[in-house]
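I'll jot down what I look up as I go.

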Amino acid sequence: MEAVQGKSAVKVIPAKQRKIKNVAVLGAGVMGSRIALHCANVGLKVTLLDIVTPGLSEEDAKKPAKRNQKVNDELAFALKSNPSPSYDKDTAGLIKTGNFDDNLSWVKDADWIIEVVVERLDIKQQVFEKVEKFRRPGTIISSNTSGIPIHLMAEGRSEDFKAHFCGTHFFNPPRYLRLLEIIPTPDTNQEVIDFLMHYGDLYLGKQTVLCKDTPAFIANRVGVFGIAAIIKTMQEMDLTVDEVDALTGTLIGKPKSATFRTTDVVGLDTMIKVLQGAYDNLPNDEYRDVLQVPAWILKMNENKWIGDKAGQGFGRKEKSADGKKAFSTLNWKTLEYEPSTRPKSATIEIGKNVDDLKQRLVAVAKSKDKHGDFLRKVNYYMCSYVSLRIPEIADELYKIDDAMRAGFRWELGPFEQWDIVGVQNIVNGMKEAGFKLGAWVDEMLAAGHTSFYKVENGVRKFYDIPSKAYKAIPGRESFIILSDLQSSTKPVWKNAACRIDDMGDGILNVSWNTKMNSLGGEVLEAINKGIDIAEGEGWKGLVLGHEGENFSAGANLAMILMMAIEEDWDELDYAIRAFQYTMTRTRFSSIPTVAAIKNLTLGGGCEMSMHVDSAVASAETYIGLVEVGVGLIPGGGGTKEFALRASDAYFNGDPQIPTLAEKFTAIATAKVATSAAEAFKFGILDRKKDIIVLNSDRHLAAAKERALELYNAGYTQPVMREDVEVLGKTGLAALYAGAAAFKVGNYASEHDEKIARKIAYVLCGGDLSTATKVSEQYLLDLEREAFLSLCGEKKTLERIQSILTKGKPLRN
């Protein structure tokens, strides 16, 4: 197609026809190297360029390796960082490095060029001038700037350049923070905008948000104001840093690092730069005074107390007199460090006693102590600010919510939180406290509309200000939003913790809402009921998944502990049999079963994913068999499954003892894959049946499609295997020796060695005299016996009790 830009006709590839195979990233600093690695994560070939290494001698300046040392050092540093910016260390092999002086011509092969150089307009313009000499017409080019006006960077460039140019603002770290702000200029062609919005979502796993070219765009504009308002209110109400972090984290649906811990991680210098930029560039902002950096924070910056990278910031790690780690917190009034405290109040207690975030927010809003007053005032600031920013930074309110969830990891956006507490209630409080309000909110309420969002027939809609009516949120038709579906339809079946719902097209969904999404009796009941209904009533398939943060942190440890302490071995044996039966039934049923897994998928959650017909894994899936961490072995078929997979590897020609040892080590060391890609390498996910979805918002819809795909391919119920080859005493000798070596080397305790020997016994099929073919059920029986025997161990019970009292997930 041709699109007219100004007076010139520019050929633009239609969004649906454009392909990205090669990306060039210009600038290899903290953001550039990590953007390059994330592009490599999704399988793109990447060219990463930076300046020639400064300060080279005349001799070294002639050596390519020396000239590229800067870019290579930056990439190496990124690869060593924690958390890792790459799904798999091998993805770095897709990145080719070079420098601007020698290798800028390489951009001619790129389908997308991303500029990530220093935040100076003049330098960016110089880079773009040089790039245009080599860039192919039609190639997308974008800037990762966090605040420089996008339209200024394209001044003086060709019409083709301008038509294909926009801002693409990634958030750091790009692998983990899902926001990608797309900021077009008046010259950016609509096909380019449409393409980037779709490509970022589907192929990069991002929440793409279309932004206006205003200072700090959306997320930083709102997020930095929120931090500034918290600091101002802290000073006015004389709260401490520890109090503020206790109040502004998980209690109100924000990250655990809350306000000041997050600033220490990001860097105080970065926060000051953004705040000062907002203050300087927003002369007409109603809350410009709030954005002014307090003198004591400037003093911190002067002292180089800028956070983790300097060893101290709002917090500082120290060693106590006995040599143990200790933490101190800055007293902002004296600028001296004092021992960290755990603040207490009725408001803080709400976070401990109320699990559901929505209920927690309502309770906090009603809290009348000093901490409740603080949070109320901070919330008034935020509600006032976002209401006044429309239409300046966005025309639609949902864009602000999307940006804050994806960019700052808020569980709910500001308008979503406002809805939960009650729009009219907040408005009344704001007016009484003297806070400003966007006129459109009053107009909305006057027209009888009492919320910013509502769900009709399973479709979530937002209040559209220009039309003064509710409209469907664009793009959500590609997703299955289970909460929207459940709010407008009756369940097929439910119990106290689970629901079975009709996903449409003949597919059922089983979801559960337990602590850490653990797998107890109610969840097992729901899974079996889902299979019963699907098989008995002619459904096409079953999806196991939900919208909780984690798929499952494992089995219900409290139940295991209770039965073990009471020595109710028959009941415990029955419970383990029920768990094994349910896991195997997800494989051996007449309908396809698909698990939509994401984030923590540990222990029993991992075992479920290994048994279903297909696991649809979010790229950010942290999965493994971690039962040894509580003194047990995988008892829901996980150990059996590794024995089966080892047998299949033998059949394919893999060496027996090394293969067996690899499976043994994975269980005995509680090895956890830190991405879905790594899970394939560890043999936890299976390339023959499992798939990865990059955008976690799509994983339920993808799981449904996978179930339909299996059904339409003529799904036939599998039968339990009778041909699993186990190595008996030959394998046991090797694995027992390995377990003993770990103990001798002080890598394992006596109890750990006992657990390892139990794992070995199951994997080898017991102490059979020769290699033998056995059934899956035979291995399940061995697994159950080993699990039961360990439940009677004092050390195991102590470990379980320790995990439960600390409230930690099942992890070593």
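**Salt bridges**

I started with a count: there are 59 salt bridges in this structure. I'm keeping in mind that the model is a predicted one.

Next I picked out a few pairs. Asp 102 is bridged to Arg 67, and I get 2.7 Å between the closest N and O atoms. Where do the two sit in the chain? Asp 102 belongs to helix α4 (residues 100–103) and Arg 67 to helix α2 (residues 64–67), so I noted a link between distant parts of the chain, 35 residues apart.

Asp 102 is partly exposed, at 40% relative accessible area. Arg 67 has 16% relative accessibility, so I put it down as buried, the cut-off being under 20%.

Then I looked at Arg 585 and Glu 535, whose side chains meet in a salt bridge at 3.3 Å, N to O. This pair, too, links distant parts of the chain: Arg 585 is in helix α24 (residues 569–587), Glu 535 is in helix α22 (residues 521–536), and they are 50 residues apart. I have Arg 585 down as buried, with a relative accessible area of 13%. Glu 535 comes out as partly exposed at 32%.

Glu 302 and Lys 299 form a salt bridge, 3.3 Å from N to O. Both are in helix α13 (residues 295–302), three residues apart, or about one turn of the helix. Is Glu 302 buried or exposed? It counts as exposed, because its relative accessibility is 56% and the cut-off for exposed is over 50%. Lys 299 is partly exposed at 35%.

**The cavity**

How many cavities of 30 Å³ or more does the structure hold? I found one, and the largest cavity holds about 30 Å³ of space.

I listed its lining: Ala 216, Asn 220, Arg 221, Val 224, Phe 225, Val 274, Ala 278 and Leu 291. The elements giving two or more residues to that lining are α9 (219–237) and α12 (268–281). α9 gives the most, with four residues. By type, I count six nonpolar residues, one polar and one charged.

I finished with strand β21 (residues 593–602). How many of its residues are buried? Ten of ten are, so I called the strand mostly covered, with buried meaning under 20% relative accessible area.

I then traced what pairs with β21. Strand β20 (residues 541–544) runs parallel to β21, joined to it by three bridges. One contact I wrote down is Leu 544, whose bridge partner in β21 is Ala 595. Strand β22 (residues 614–624) is parallel to β21 as well, and eight bridges join the two. There, Leu 602 has Gly 624 in β22 as its bridge partner.

Notes: Residues are numbered from 1 along each chain as its sequence is written. This is a predicted model: local features need pLDDT of at least 70, side-chain atom pairs count only at pLDDT 80 or more; totals for chains, interfaces and linings use all residues. Side-chain values use heavy atoms; hydrogens and water are left out. Buried means under 20% relative accessible area, exposed over 50%, partly exposed in between (1.4 Å probe, protein chains only). Two strands pair if DSSP finds at least two bridges between them. On a 1 Å grid over the protein atoms alone, a cavity is a set of points where a 1.4 Å probe fits but cannot get out, and a pocket is an open set with protein on both sides within 12 Å along at least five of seven lines; lining residues have an atom within 4 Å of a point. Grid points are joined across faces, edges and corners, and a volume is the space filled by probe spheres set on the points. Ala, Val, Leu, Ile, Met, Phe, Trp, Tyr, Cys and Pro count as nonpolar, Asp, Glu, Lys and Arg as charged, and the others, Gly among them, as polar. A salt bridge is a side-chain nitrogen of Lys or Arg within 4 Å of a carboxyl oxygen of Asp or Glu.
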